[in-house]
Amino acid sequence: MAGGGGGGGSGASPLGPAPPMWYHRDLSRAAAEELLARAGRDGSFLVRDSESVNGAYALCVLFQKHVHTYRILPDDEGFLAVQTSQGVQPKRFKTLPELVSLYLQPSQGLVTTLLYPVEREETAVSDDRDYSDGEDEKPPLPPRSSSTSTPPGPDTPTDSTPAANGLSTISHEYLKGSYALDLEAVKQGASSLPHLNKTLVASCKRLNGEVDKVLSGLEILSKVFDQQSAFMVSKMIQQVQSVNQGGDQELENLVTKLAILKDLLSSIEKKALKALQDMSLTSPCSPPPLHSMRHSKSIPVQAFEVKLDVYLAELTKIGKSQKYTLSVDVEGGRLVVMKKVKDNQEDWITYTHDKIRQLIKSQRVQNKLGIVFEKEKDKSQRKDFIFASAKKREAFCQLLQLMKNKHSNQDEPDMISIFIGTWNMGSVPAPKNVASWVLCRGLGKTLDEMTVTIPHDLYVFGSQENSVCDREWVESLRALLKEQTELDYKPIAVQTLWNIKLAVLVKPEHENRISHVGMSSVKTGIANTLGNKGAVGVSFMFNGTSFGFVNCHLTSGNEKIARRNQNYLDILRLLSLGDKQLSSFDISLRFTHLFWLGDLNYRLDMDIQEILNYINRKEFDPLLKVDQLNLEREKNKVFLRFAEEEISFPPTYRYERGSRDTYVWQKQKATGMRTNVPSWCDRILWKSYPETHIVCNSYGCTDDVVTSDHSPVFATFEVGVTSQFVSKKGLPKSSEQAYIEFESIEAIVKTASRTKFFIEFYSTCLEEFKKSYENDSQSSDNVNFLRVGWSNKQLTTLKPLLSEIEYLQDQHLLLTVKSLDGYESYGECVLALKSMIGSTAQQFHTYLSHRGEETGNIRGSMRVRVPSERMGTRERLYEWISVDKDETSGPKGKSAVVCRSGHEPSVIRKPLGELGKVSEEGERNSKEETAARPKQDGSDSDPSISKNSYNNPAYYILEGVPNQSAAAVSPELLPSPTSANPQAAKPPPPSAGARSKPLGAASGPPHPRRQVRAISEESSSEDDGGACVVGAQGGGVGSTLNRPPPDFPPPPLPKGALEMVPEAPFTKPRSLYPDLAEVRIPAAGPAAHGDAFRRGGVGAGALDDQSCSVLQMAKTLSDSEFPGQPPRAPSAPPPLRGQPMGLGLDACRTFPPRNPITESIAEDMPEEALWGSSSSSLSVGESSVGEWLQRLGLERYEQGLLHNGWDDLEFLSDITEEDLEEAGVHDPAHKRILLESLRQQQQQK
């Protein structure tokens, strides 16, 4: 941004003839503080643009290691003045240099005299020479309309004339020049304004033509439906169109045309309706128009071959899994379960859609699914089936969800499916057939053939280097979708910046559910003025859920990582999308779901030959370790807390055009040979609010579209949505009003300022945003950080618009911490109200970010009180599928369920119930259910081990800034616990019983649940890797919810559970929580990034970057926990694939993803077993299949046994030689060893 704030009037620039070097334009507040900290001398200063007021500036001064900020505001006349206390007369200046020159003199009212200007760093112009991936000698010419915003509808004019800007440019010219001539003429007695008339005629020239087109169309309709008045209408139109155009007459004719247009538009529909009614009475019924009969293709009955998973010997014949066929009739709403019996006879049972109570996915055995059927009133039966593959299981679940949705009595959907595609077209039109793109066929994680043709609710197409005009591109996409789905998809919006395009199309049935459509674009090309690189964005509401989509094309070149990072930050800050009231928040916090796609252009940092060798062997893990985007995300430089599905397809760039067999990685240029190594340039990421439902079902690329040097990339998502809630009870009375109450809030902010702060609260459930009072506690153990706190009396009680729990559990609260001196945000966050509902206060703890950078942490205690009259709720469709909690150990090597990079964390802690059980309120029906926790030894449950990482001296290291000794942080400076429940800090006694599962878990509607995560300080380099332990969930509500990891480590797991952690598939970083004695704190000079700060997945080159955030380093090294928090049971639902859960803060930014710890809870038995066997759940770390095989030295057979459903030693007691053969055990000696071992175990029982 070259001009900066531009504070003065319309005359001379407020910056003077040239911007002074101490003026840093749109530098962020955090970056300004870092520059001043590095300067290190009292009186160092700089000026930047204000983040809170457009056209204003911020004067930042360093004094006694603290940064003081003064706002410089322009007045109505364009003069600048430093904001002063009330009653003090401000000193006014024409330009910024004049103002600063005054304060260079002593005793002018600032905290210190301005002494040492901190100058900005000018970037070299050569760095901006970013063309088109090194292929073009000059940037491509923009299309005829360089930036267009197309609302729904394909008719977008592409001609560009001076009148295209309406009155804007021409009117400015009039006001600058001809206005004075008209003024002079009036003074001399003139009664007309010829120059203004000329301006209006020129401005309306294009409008004249458009009105003529519309009138011609309406004239035809009037001839069809209103023959009596059609002649008069035609005559009037001919008269106004035949008049010579010029001067006053032209404007008068335009007004006449508009009057005719108004009359026709207001009457034509009524006349057409009357004509059609008359026709229907006099003529036989004619078939409706074709378009009204169009429906999507009916879905044929799909059959799945499965095996019944055997539980106990008495439930089925010994040793042989029974084969079944599951037939799904989506249109008829039926599931037929058929099994073969003797003499080729078949036995089957038909279940209607309302008799299928729940689907329960096995977390560990990826092709295993439990189905809970309703047999009779209040009784259910669970059967577990083994599918041929995980993909088949997912297809079956998708079809059953579709069937449930189709036959639901709900008016509005709970869940929609979204297709997202990105493709750099290489400035060549698309081939005729790109069906594989929209059908997600090709390489990587693809959809099963049974579900590939099911239409999605939304299609989002991002393209770069797309030379096709907007109208033609949208029509080609609509034709493609119609060919595949037989539906006429409606364009919501098309946004274009040069050759970067984003098109969003929606199913016809959802068209009326779309509202508040917004569009924007940002240029990041040469000097941020060319649109050959940049981003386009579209946002809208789908009923009550907000969506944002960003398609970008970032700077190319292997070495231009920093430039790409800056492109991202510029787009994040400047893209104007979403609710305007949320201007304090960047776009990553403005939407329930934000999807970011495009040619991000991040490359692989590896020798070309090594890359090719790995690709040929289809070994992508080593390449993902050196992927620049993964490394930059690891360092929190870009895409903070975004998620990306695991990449299992080859690099999509740079292929030889016409083929997908060869990568072209060299090109001779005038400046020498240019290398473009194969890379995953084309990516799709997303970020969602906490406790929302989102699952990525596919992520891959095509292998048959070869016109470009990039392959098209696709992803599909299953996303929970909310309806526009209408209260059945009307507005709440005072006795039925819900309240959002805060007991206390504490934040630690990365800043050298010592100003006061307040909090602003935003939510769609509030009538308007609310503010707290200023903080009433403030302390600092380090010059670079500030701890601020608000007690209950400083925090306002919030009143939601509606008080129903069904409404409130879908709502979120946005918080921004702002300073009193400059009203600028120092950090923002989002909290889910769902986990806060209850009669007792719940604790939240999450991170703060600003302008894409992590800036601190915030924690507190709050509750959402809902009156009992408003407690009714219902089950959501996405809550119908849960994840099984019966697993005892994870498979060796890669885990099929991985922790994803994090979304917004909103970590909720519940008070402990008796006997160490986690007390969890089921708010929907006010019942309380408990999930028993496993035994822990005294050392594991001792809360003294778990302090808060705020107290860790490593938290207070600022990059490149001299730092005081760690010894400066003395115990008396440590914060006192702020927990509302002091007893909660006591360690609970060990649980006496074995784990159990509530009997009602498989029947009745699920309840909202809390999730608790546990990790260990003892985790070695093998276990450091996104360990996810998540727990007991009655109906599976939270199991599909987006539950991100906490920012600070909860208490440790039992040692037994840690022994079962699968080996991380990628990096093996150091222990995440070392003893503080190991942490090296530099006494002075730049902060060291030695071994103590090394993190998984970061190469040596990245370690010297000194960009890893101080918060990240400190929390990674921390051995401490939020004081006052009890040790937690490792019981919360496991994450679905694609969900961002992980080990503490570290898993949020670890790439590639890491493995979870899984958990054991007793399986639901079929009804015949009547939940009668508690012995089928074996304790963690004692008798898992994996450990048993390991003791026998035959662990190689574990995967085969698990794949065939033999995942519990209880089941294995019935295994036969034939079953072992099917599981891959072919060696007779090994069979004997296995069978003999099982017999011995049976005898011991």
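This report describes selected features of a predicted model, from the whole chain down to single residues.

Local features are reported at pLDDT of at least 70 and side-chain atom pairs only at pLDDT 80 or more, while totals for chains, interfaces and linings use all residues. Residues are numbered from 1 along each chain as its sequence is written, and side-chain values use heavy atoms, with hydrogens and water left out.

**Whole chain**

The chain has 25 helices and 39 strands. Both are DSSP runs numbered from the N terminus, helices being H or I with at least four residues and strands E with at least two. Of the 1245 residues, 58% count as buried; buried means under 20% relative accessible area, exposed over 50%, and partly exposed in between, for a 1.4 Å probe and protein chains only. A contact requires heavy atoms within 4.5 Å. Among contacts between residues at least 6 apart in sequence, 74% join residues at least 24 apart.

Five strands form an open sheet with mixed pairing, in the order S4-S3-S2-S1-S5. Strands S4 (80-82) and S5 (116-117) are at the edges with a single partner strand each, so one side of each has no neighbour in the sheet. Two strands count as paired if DSSP finds at least two bridges between them. S1 (residues 44-49) pairs with S5 in the parallel sense over 2 bridges, and Ser-44 stands opposite Tyr-116 in S5.

Helix H1 (residues 29-39) packs on this sheet and touches S1, S2 (57-63) and S3 (66-74). The direction of H1 makes about 165° with that of S1. Axes are lines fitted to C-alpha atoms, for helices over the stretch in contact, and angles run from 0 to 180 degrees between N-to-C directions. Helix H2 (residues 96-103) also packs on the sheet, touching S1, S2, S3 and S4, and its direction makes about 30° with that of S4.

The buried residues in H2 are Leu-96, Leu-99, Val-100, Leu-102 and Tyr-103. These residues lie on the same side of H2 because they cover an arc of only 155° around the axis; the arc is that of the directions from the helix axis to the C-beta atoms. The buried residues of H2 pack against S1, S2, S3 and S4.

**Helix pair H21 and H25**

Helices H21 (residues 1185-1192) and H25 (residues 1228-1244) pack at an angle of about 115°, with axes 11 Å apart. H21 passes H25 in a right-handed crossing; a crossing is right-handed if the near helix is turned clockwise from the far one by less than a right angle, and left-handed if anticlockwise. From H21, Trp-1188, Leu-1189, Arg-1191 and Leu-1192 meet Ile-1233, Leu-1234, Ser-1237, Leu-1238 and Gln-1241 of H25. The residues of this contact divide into 6 nonpolar, 2 polar and 1 charged. Here Ala, Val, Leu, Ile, Met, Phe, Trp, Tyr, Cys and Pro count as nonpolar, Asp, Glu, Lys and Arg as charged, and the others, Gly among them, as polar.

**Backbone geometry**

Most residues other than glycine have a negative phi, and most peptide bonds are trans. Two non-glycine residues with positive phi are listed below.

A cis peptide bond, with omega about 5°, joins Tyr-653 and Arg-654. Arg-654 is in the loop between helix H15 (628-634) and strand S23 (666-669). S23 in turn pairs with S24 (residues 672-675) in the antiparallel sense over 4 bridges. A hairpin joins S23 to S24 through 2 residues, and the bridge partner of Lys-669 is Gly-672 in S24.

**Two further buried residues**

Thr-702 lies in the loop between strands S26 (694-701) and S27 (713-720). Thr-702 counts as buried, at 1% relative accessibility. Leaving aside residues up to four places away in sequence, Thr-702 touches Ser-436, Trp-437, Arg-441, Gly-442, Ser-711, Pro-712 and Phe-714.

Ala-832 is found in strand S34 (residues 825-832) and counts as buried at 1% relative accessibility. From Ala-832 to Phe-844 the separation is 12 residues in sequence and 9.4 Å in space, C-alpha to C-alpha.
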